[in-house]
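Dear colleague,

Please find the structure below, together with its sequence. My notes on the packing follow it.

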Amino acid sequence: MLTVSNLSVQFGKRILFDEVNVTFTQGNCYGIIGANGAGKSTFLKILSGDIDPTSGRVILEPGKRMSVLNQNHNMFDEHTVLETVLMGNKTLFAVKKEMDELYLDYNDSNADRIGELQIQFEEMNGWNADSDAATMLSNLGISEEFHYTTMADMDGKLKVRVLLAQALFGNPDVLIMDEPTNDLDFETIGWLENFLANYENTVLVVSHDRHFLDAVCTHVSDIDFGKITHYSGNYTFWYESSQLAAKQRAQQNKKAEEKKAELEEFIRRFSANVAKSKQATSRKKMIEKLNISDIKPSSRRYPAIIFDQEREAGDQILNIQNLSASIEGETLFKGIDLNMAKGDKIVVFSKDSRATSAFYEILNGNMTADSGTFDWGITTIQSYLPADNHSFFENDYTLVDWLRQWAKTEEERDEVYVRGFLGKMIFSGEEALKTGRVLSGGEKVRCMISRMMMLRANVLMLDEPTNHLDLESITAFNNSLKNFKGSVLFTTHDHEFAQTVANRVLELTPNGVIDRYMTFDEYLDDDKIQELRKKMYNL
């Protein structure tokens, strides 16, 4: 379907891709992964023709159509929502536009041309195009009342959904998507997962959402050492198998047959999990084709994130009574009662991200509630990772001096100790002497995590902690929170994070709270809770 031949990309002296030869075939979904800066987005831009490679070429099978999720959210501001979706199929839209223009000036001289266009339009199922586009928009949560609104008048988060509908419209032969789940809610991501899991053409996707990659990918395409290698299986399979391969490589004395048996057992276990998955459609039979020789260690570096507690908290963690908050007269949440117990790991979420951020800001004394009270247990030590961390970096400290601010003992103030701490978070050598002002978003979050580790709190509060992080950091962070012995309040758009860390769900609405001891998936799959959610947002 799509072939990359002898592709090389070089920026100055830096070689991003070196003689890459790879083929993407029909019926498969490829998750493009790689460390930050490996060239994932660049590769997608080359495939879509936005960037020219230094050498080599990209060959799309003749007669096939490629569709790309548009990253320019203002490109279609002059068009209506429905028209923007139809423009996803350029050929169909061009035929429709020419036909509409000729109809306006219908005469004998253009009748033949109109006839030709009508036949072409019918062959492309054009007469159903409007209703197909409308259905797709509705599935993505954009109701009929918006279908004839101009894009310029649409909310930014809804624009993202329109552009997603545009990319999916008309069943393209090759679909290319860079971070398609950004700004989507869990329900819409679930719809997209199911859509792509049953999609019969070729999909290439870059995403930091591991649950999404696991649900849709038949293959992982790993960018490493300037090459691209396909591996059968989804992201979790690739991650676990590469970790196993790295461990085996370190076990020099282990016999070959023991290693082979360990790998075979790993594949058997993983196959059983896939068979039980709701995404186990016919196209997921890739697991049967797995080859032990495919499994190789990765060159990735994972930060060492370990949260220790200075002391264990008592039974009373946090008590909240009748807490309410609003912004400019608009209620964010009200009537929140919560008794948080020792060991609770609560995913806090809302359809309005302002509500969850306000909740954390109130608990940390940075904002005053409209009403209500809260009391922390006397044995608790809290640390907080806010969604907006820029105020922490408005200084010219080196990272060593920056982190030293939260040292509690003379030993912790020692440069060797602080550098060791930063080294765990992949700031080694000269990187530890950078100043906060020059850090990327992901580097700032890694610094904030270092700060939290230094504080050794027994209650962690995390507002969108995975924003800006790469897959390696997200995976390490996720694993550390699963193992953390203290209590956690967190908000995330990362489904895997929510499902594997939380044992309780707290949803903040303008009309009260929904509080359940259950996993995140159980919460989303419970029909009675979904009815209650609709009611709480629409009273």
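Contact here means heavy atoms within 4.5 Å. By that criterion, and not counting residues up to four places away in sequence, Leu164 touches Leu69, Leu140, Met177, Pro180, Leu184 and Leu192.

This is a predicted model, in which local features need pLDDT of at least 70 and side-chain atom pairs count only at pLDDT 80 or more, while totals for chains, interfaces and linings use all residues. Residues are numbered from 1 along each chain as its sequence is written, and side-chain values use heavy atoms, with hydrogens and water left out.

Pro180 lies in the loop between β6 (174–178) and α7 (186–197); helices (H or I, at least four residues) and strands (E, at least two) are DSSP runs, numbered from the N terminus. Pro180 is buried, with a relative accessible area of 2% (buried means under 20%, exposed over 50%, partly exposed in between; 1.4 Å probe, protein chains only). Leaving aside neighbours within four places in sequence, the contacts of Pro180 are Leu69, Leu164, Leu192, Val205, Val206 and Phe212.

Leu164 is also among the residues with the most contacts inside the largest nonpolar core, which has 54 residues. Such a core is a set of buried Ala, Val, Leu, Ile, Met, Phe, Trp, Tyr and Cys residues joined through side-chain atoms within 4.5 Å. Helix α6 (residues 156–168) supplies the largest share of this core, 8 residues. A second, separate core of 52 residues includes Ile305, Val400, Ala407 and Met454.

Finally, Pro180 and Asn107 are 73 residues apart in sequence and 46 Å apart in space, C-alpha to C-alpha.

With kind regards
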